[in-house]
Amino acid sequence: MLQAISLSKTYQSHQALNELDLTVNQGEVFCLLGQNGAGKTTTINLFLGFILPSSGKILINNEEISATSDTRRKHIAYIPEVVMLYGNLTALENLDYFSKLAGFNYTSASLTEFLNECGLQADAHHKNLSGFSKGMRQKVGIAIAIAKDAKIILMDEPTSGLDPKATEEFTQLVKKLANEGKSILMATHDIFNAVNVATNIGIMRQGKLVHTIKASEITASDLQKLYLQTI
Ligand SMILES: Nc1ncnc2c1ncn2[C@@H]1O[C@H](COP(=O)(O)OP(=O)(O)OP(=O)(O)O)[C@@H](O)[C@H]1O
């Protein structure tokens, strides 16, 4: 479980995040919506420890995380908008390398299984990543998260630039990960996908979370209306 309690971040005099309270339980997908500059990436960067909060707390499994804590690195995986891995290594080599960095030494059969689980076609397993599409890179990134046994996965705009088929594959994969007990937080501009994939949807405005909605209780069209009224 991932939690922010009254989390704030101020840059000079600009408040990028204002007392954010947010919980992503095990098995849940939380989608953060909001205009450019609303504070979505700031939220993710705080959870990742890339930046320090001005005030407030971050908890993982009910335990407060300090700036230097190892818990964060152990439990959280990050899938950025474009997954940057080694272009001159194959999918399997990248997966093997990053698994070993995290302290796991898998057989090639297990590594292959992780890539299969993420839907990367078998003929791509031995190809260099330099030729991979955004969707294929994302699958390798998610395979690394699974191999590292990360309980929490953070994603920044994962569906931007994906074609509809790749978006659908991504959605099914995220749902499967949530069913397996992962906590997933994603920043997105994709209202339709948010309704499809999320458990909860938050709408941010000027650093504040102004609405939190259960995805099962709203249609994409009503969410779009609420979003446009809110921002
Ligand atoms: N390093 C920084 N220094 C100063 N201001 C910053 C810094 N990083 C972010 N901000 C400001 O904080 C606010 C929130 O930015 P953030 O990147 O979190 O928004 P966002 O919701 O992720 O937007 P986008 O959809 O464009 O990614 C913005 O006003 C931004 O200009």
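Me: I'd like to start with a single residue. Is Glu157 buried or exposed, or something in between?

Reply: Counting neighbours is the way in: a residue with 20 or more other C-beta atoms within 10 Å is buried, one with 12 or fewer is exposed, and one in between is partly exposed. Glu157 has 18 C-beta neighbours inside 10 Å, so Glu157 counts as partly exposed. Please keep in mind that this is a predicted model.

Me: Which loop holds Gln206, and what is its phi?

Reply: Gln206 is in the loop between strand E9 (200-205) and strand E10 (208-214). Phi of Gln206 is near 45°, again a positive value in a residue that is not glycine. Gln206 is partly exposed because 15 other C-beta atoms lie within 10 Å.

Me: Now for the whole chain. How many helices and strands are there?

Reply: The chain has 8 helices and 10 strands. A UniProt annotation, from an unreviewed entry, labels residues 2-231 "domain: ABC transporter". That span is 37% helix and 27% strand, and its end C-alpha atoms lie 26 Å apart.

Me: What share of the residues is buried, and what share of contacts joins residues at least 24 apart?

Reply: Buried residues make up 42% of the 231 in the chain. For contacts, take those between residues at least 6 apart in sequence: 69% of them join residues at least 24 apart.

Me: How many residues are in the largest nonpolar core, and which have the most contacts inside it?

Reply: A core is read as a set of buried nonpolar residues that link up. The largest one here has 67 residues, and Cys31, Leu95, Ala143 and Ile153 have the most contacts inside it. Helix H5 (residues 134-147) supplies the largest share of this core, 8 residues. To see one of these residues in its setting, pick Leu95: beyond four places in sequence, Leu95 touches Leu111, Phe114, Leu115, Val140, Ala143, Ile144 and Ala147.

Me: What does Ala77 touch beyond its sequence neighbours?

Reply: Begin with its place, which is strand E6 (residues 76-79). Ala77 counts as buried because it has 24 C-beta neighbours inside 10 Å. Leaving aside residues within four places in sequence, its contacts are Ala145, Lys148, Ala150 and Ile153. Take Lys148: it is 71 residues from Ala77 along the chain, yet their C-alpha atoms are separated by 8.1 Å.

Me: And Val197, is that buried or exposed?

Reply: With 25 C-beta neighbours inside 10 Å, Val197 is buried. Val197 lies in helix H7 (residues 191-197). Setting aside residues up to four places away, Val197 touches Val29, Cys31, Thr171, Val174 and Lys175. Cys31 is also one of the residues with the most contacts inside the largest core.

Me: Which residues does Arg72 contact?

Reply: Arg72 is in helix H2 (residues 70-75), and beyond four places in sequence its contacts are Gly49, Ile60 and Ile65. Arg72 is partly exposed, since 17 other C-beta atoms lie within 10 Å.

Me: Last one: which residues surround the ligand?

Reply: The shell consists of Tyr11, His14, Ala16, Gly34, Asn36, Gly37, Ala38, Gly39, Lys40, Thr41, Thr42 and Ala187. Strand E2 (14-24) and helix H1 (40-48) are the elements that give two or more residues to it. H1 gives the most, with 3 residues. Sorted by class, the shell has 4 nonpolar, 7 polar and 1 charged residues.

Notes:
Residues are numbered from 1 along each chain as its sequence is written. This is a predicted model: local features need pLDDT of at least 70, side-chain atom pairs count only at pLDDT 80 or more; totals for chains, interfaces and linings use all residues. A residue is near a molecule or strand if its C-beta atom, placed from the backbone, lies within 6 Å of it. Helices (H or I, at least four residues) and strands (E, at least two) are DSSP runs, numbered from the N terminus. Ala, Val, Leu, Ile, Met, Phe, Trp, Tyr, Cys and Pro count as nonpolar, Asp, Glu, Lys and Arg as charged, and the others, Gly among them, as polar. UniProt positions are given in the numbering used here, feature names are shortened, and annotations may be inferred rather than shown by experiment. A nonpolar core is a set of buried Ala, Val, Leu, Ile, Met, Phe, Trp, Tyr and Cys residues joined through C-beta atoms within 7 Å. Two residues are in contact if their C-beta atoms, placed from the backbone, lie within 7 Å.
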